[in-house]
Amino acid sequence: MSSRSNIAAIAFLKLKRGLAVVLLMGLAISVLYPLAWTVMSSIRNPQEFFLNPWGLPTSINFSVYKKVWNEFYVGRALLNSLTIASLTVILSLAFSLTASFAIARMRWRFSNVVLAFLLTGLMIPGHSTIIPLYLTLIPVIEAVGAKNAILIPYVAGTLPISVFIISSYMRSLPNSVEEAAIIDGCNIRQLFFRIIIPMSLPAVASVTIFNFLGVWNELMLALVFLTKNAEQTLPLALLRFSGRFGTQWSETLATVSIAVIPSILLYVILQEKLIKGMTAGSVKG
Amino acid sequence: MQKMLSNKWVILAFVAPAVLLYAMVVPYPLLKSIQYSFYRWNIIGTAQFVGFQNYVRIFTSDYVFTTALKNTALFTIGSIVLQIPLAFILAVSLTKVTRLNKFFKSVYFLPCTISGAAVSLLWQFIYHPNMGIINAVLKSLGLGGWARTWLAEPDFALWAVVISISWQWFGYHMVIFLTSLSTISPEIFEAAEVDGATGWKKVWYITYPLMKPFIKISMILITTSSIKAFDNVYVLTGEGPANSSTVLALHMYNRAFLQLQYGYGAALAVILLILCVVLSGVLNKVFGTKNAEY
Amino acid sequence: MTIMWQNAGVDSTDNWMRDTLTLFQEQNPNVEFELMDNTWGDQYLTQITTLMATGRTPDVFATWTSGRMEPFVEAGRMYDLKPLLEQDPEFYNFLQAGPLASTTFDGGIYAIPYNLNGEFIYYNKQVFADLGLTVPETWEDFLNIIKTTKENGIIPIALGNAEIWTGAIPFMMIAERVGGLEAINETLAGERKWTDEIFARSGEVLQELMNMGAFEPNVNGIKPDEARSKFVMGQAALWINGTWEISILNAQMGPENYGIFSLPEIPGGKGSIDHHIVFADQAYAIGANSEHKDVAWSLLKFMFSQERQEAVVRSNVLPATKVEVDPATADARLVEALDLMAGASGTMFPWDIPLGTFLGTELNKAVQLLYMGQSPASVMQQFQRTVDDAAF
């Protein structure tokens, strides 16, 4: 092969790579710019909001953050959201890891029936069952309060997707795992806790993020269950800024900006777990 | 080993908590909803049994239902077409670790950390006729004639929602695919290279079949969530203009909660449920339940 | 005890309510309130109906009136206040009879209206002065305003029809001027069909205005608050909306910079410039199974006391009680609106209220089709079909 065509091939490769980076960058900007806009608009002077919506703010004003935090109890809503979302995620993992293990790795006749039963939940349009659900749970609400009672539908609601993802993942693990474990003298508890769970961490991470985001942003159940101001979560707190007279944009966008921080933090923490392990494998390939 | 893995008590202890909790919350209200679908009920008053009348009305005189059904189908197809290929290509191109790739992975995931309602508020401004960025860009490119009142265009309003929802979720599916790529052992690729497979050929013949189960997961997630789509449509277009962007779940919510025809809404919900079950079944058939093995 | 009302965003009602509760608590230190005031509109409806469905109705809560309140009363979730009112003639007499009629069902009074609203046309005084325009007395004057403002590059009428109830207001005004109050009330009562030619004719008048450029071409994509801000900034000459806008217009542009008028009569029509859209929208009720009815009742009495009603007027809301509004001290625009309403020879509700939640929304949707240029006759036929179908 002549050196000239070699140079051309390298140039072509470089061009291709360059083009790819440009496209990836373009996509990244299309994601980042609107998000930056959200933060920017929250600190923008409200009068300027409609006049120069997309430019850089001419003056910066953080007072709206103080205002939503103090006057509109966004802090209280944040705490409610954090408690509810974390408890849901933890309880959901406990239930779905055990169930997935039994479904995916253990041998019994009705495992697929149970899986199918749990998966029906993926297909139920949530809004349709709210009223009967609420009626069913009234005794619970009256006994433990709406903030605790809402955990029941939240955790149950996350089970289908969690079991679906975790059991799919566990099924993809090779059969040799159990064989090796048994040769090493593991009992079933050790097999579950020491071997299967650590191996399923990528799936656990996906499920954690998905469930957290789902509950963190859930509005409809919260709307019906958490009617009292003191109980409300962030998506409900956000409603406060829209009313008959229009929307208070600075307050809304400031609250949105506050609300994404925990989700992003969680992703950043889990991403290491998620992607470190996985890319180490494929880098050689 | 066989004995250990089929110990009935262990299975019971592992499965029962999830199943019991689930059974407490999901099937009973669902059955109740099915029951209500045969009633005329405004939520607060007394319910009145009307047989199949709600269903008959849905199929004979509900002019919004047809639009909602068609839109739900378009919504599902649109969301799949916009998200899956993009997420797949991104995941494959981003498997190589460089500093920049890590940045991309994080950035693409960002939008799905925000609630659907907030994303829709944001997109309201992107599509805004006077201050929106789309029209601003068109004008700066000298294409001012293409500027539209995007959300008030009956032909575009639904797609406006599909685009915004795809913007929100493509990164999530990219992460699912990245996770699945991590399960493919590098030896397979090495073997393939020895056989002469390179570049996208390798992706098509090796990566794609191995990722099929995860593509199925994504497809089912998008399909079921599209059929149930609510928040984004509600906030972005509120089913308008003149019902042109309505979808089944929104139509159901409007009838059940805002127009106080709960029984009618429940009948719509039952139809929605049947649709979800059928479509998930179809997807399962198409993609097979068995994972590719090498 | 629990208390629930609609949050209207940037609104004086919310402040008034919070102040009222604070003052009430000062007088009754033993009372504890649990507030539920986070939602508005659709979401409020979802919350309150769910609570009612399950019998967990709050002790004191805000409701809509007329057709939108009827299902709540029928279900027996509201406490009949009439016996209490009759025991207290002085208090009973302090409430205006008109608004109370919209919370009266089968002889029982189930809520006390909080505010009175009119729907009128606001004009920007600066724009009128710049273009030499005056308040229109005839239909021709009105068309002239549209023509002149349009020629001078100003939006004649600001309208935010992304929320469809706003677009229904001009249509209802036109329909009254075309067909007269009687025909409309008969139609709302189901004695006349929506296919009556007055509605098709009104749709045509609306579309004639559209063709003159009275509204922005993208009127269906604009939110009410943007439309309002165009009016405030003088980019639009007129703004059609309710009197609840007074407090916010005062804050944004100052009461001296705008005025209020009623739509002139249309030649050949049966309506009158003195016929207005007037209604009580929000009212306060006591839950039928409240365990604190005594406290709830004394709270209601406090809310509708002379002292708190004066505060209502101070917050630029039109009161539904007989509290005196002193023209010398009260807001000029509030007085202007009250004068227009006092001079009314007849009033009607915005139609979506007596029609109730289902048909009211369907009507507003039908009107939106008119703004999208669909033929009025076929739009009204379709709506009549919906009405017939809903009555099954």
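Let's start with one residue: leaving out residues up to four places away in sequence, Leu300(C) touches Val60(C), Leu81(C), Phe91(C), Ile112(C), Tyr284(C) and Ile286(C), where contact means heavy atoms within 4.5 Å. This is a predicted model, in which local features need pLDDT of at least 70, side-chain atom pairs count only at pLDDT 80 or more, and totals for chains, interfaces and linings use all residues. Residues are numbered from 1 along each chain as its sequence is written, chains are lettered from A and ligands numbered from 1 in the order in which they are written, and side-chain values use heavy atoms, with hydrogens and water left out.

**The nonpolar cores**

- Leu300(C) also belongs to the largest nonpolar core, which has 255 residues; a nonpolar core is a set of buried Ala, Val, Leu, Ile, Met, Phe, Trp, Tyr and Cys residues joined through side-chain atoms within 4.5 Å.
- "Buried" here means under 20% relative accessible area, "exposed" means over 50%, and "partly exposed" is in between (1.4 Å probe, protein chains only).
- The members of this core that touch the most other members are Tyr108(B), Phe177(B), Tyr284(C) and Leu300(C).
- Helix α9 (residues 157-181) of chain B gives the most to this core, with 14 residues; helices (H or I, at least four residues) and strands (E, at least two) are DSSP runs, numbered from the N terminus.
- A second, separate core has 59 residues, including Trp139(C), Ala237(C), Leu238(C) and Phe358(C).

**Where chain A meets chain B**

- On each side of this interface 89 residues take part: 89 of chain A are in contact with 89 of chain B.
- Together, chain A and chain B bury about 8300 Å², with 81% of it on carbon and sulfur atoms; buried area is the accessible area (1.4 Å probe) that two parts lose on being put together, summed over both.
- In chain A, the residues that lose the most area to chain B are Arg107(A), Met123(A) and His127(A), together 8% of what that side buries.
- Between chain A and chain B there are zero salt bridges, a salt bridge being a side-chain nitrogen of Lys or Arg within 4 Å of a carboxyl oxygen of Asp or Glu.
- Helix α14 (residues 249-282) of chain A gives the most to the side of chain A that touches chain B, with 15 residues.
- That side of chain A divides into 62 nonpolar, 21 polar and six charged residues; Ala, Val, Leu, Ile, Met, Phe, Trp, Tyr, Cys and Pro count as nonpolar, Asp, Glu, Lys and Arg as charged, and the others, Gly among them, as polar.

**Where chain A meets chain C**

- Here 28 residues of chain A are in contact with 32 residues of chain C.
- Chain A and chain C bury about 2800 Å² between them, and 58% of it is on carbon and sulfur atoms.
- Four salt bridges are found across the interface of chain A and chain C.
- Lys228(A) and Glu34(C) join their side chains in a salt bridge (3.3 Å, N to O).
- Nine residue pairs are in polar contact across the interface of chain A and chain C (both at pLDDT 80 or more).
- With six residues, α6(A) gives the most to the side of chain A that touches chain C.
- By class, that side has 16 nonpolar, eight polar and four charged residues.

**Chain B and its Thr72(B)**

- Chain B contains 14 helices and two strands, and 59% of its 294 residues count as buried.
- The C-alpha atoms of chain B fill a box of roughly 70 × 70 × 30 Å, taken along the principal axes.
- Thr72(B) lies in helix α5 (residues 63-93) of chain B and counts as buried, at 2% relative accessibility.
- A polar atom of the Thr72(B) side chain lies 3.1 Å from the backbone nitrogen of Leu248(B).

**Two buried loop residues in chain C**

- Thr103(C) sits in the loop between α6 (97-101) and β4 (104-105) of chain C, and is buried at 0% relative accessibility.
- The side chain of Thr103(C) reaches the backbone oxygen of Ala111(C) at 2.8 Å.
- Leu318(C) is in the loop between α14 (306-314) and α15 (332-342) of chain C, and is buried with a relative accessible area of 1%.
- Although Leu318(C) and Tyr114(C) are 204 residues apart along the chain, their C-alpha atoms are separated by 8.9 Å.

Conventions
Polar contact = N/O pair within 3.5 Å; in protein donor to acceptor, adjacent residues only side chain to side chain.
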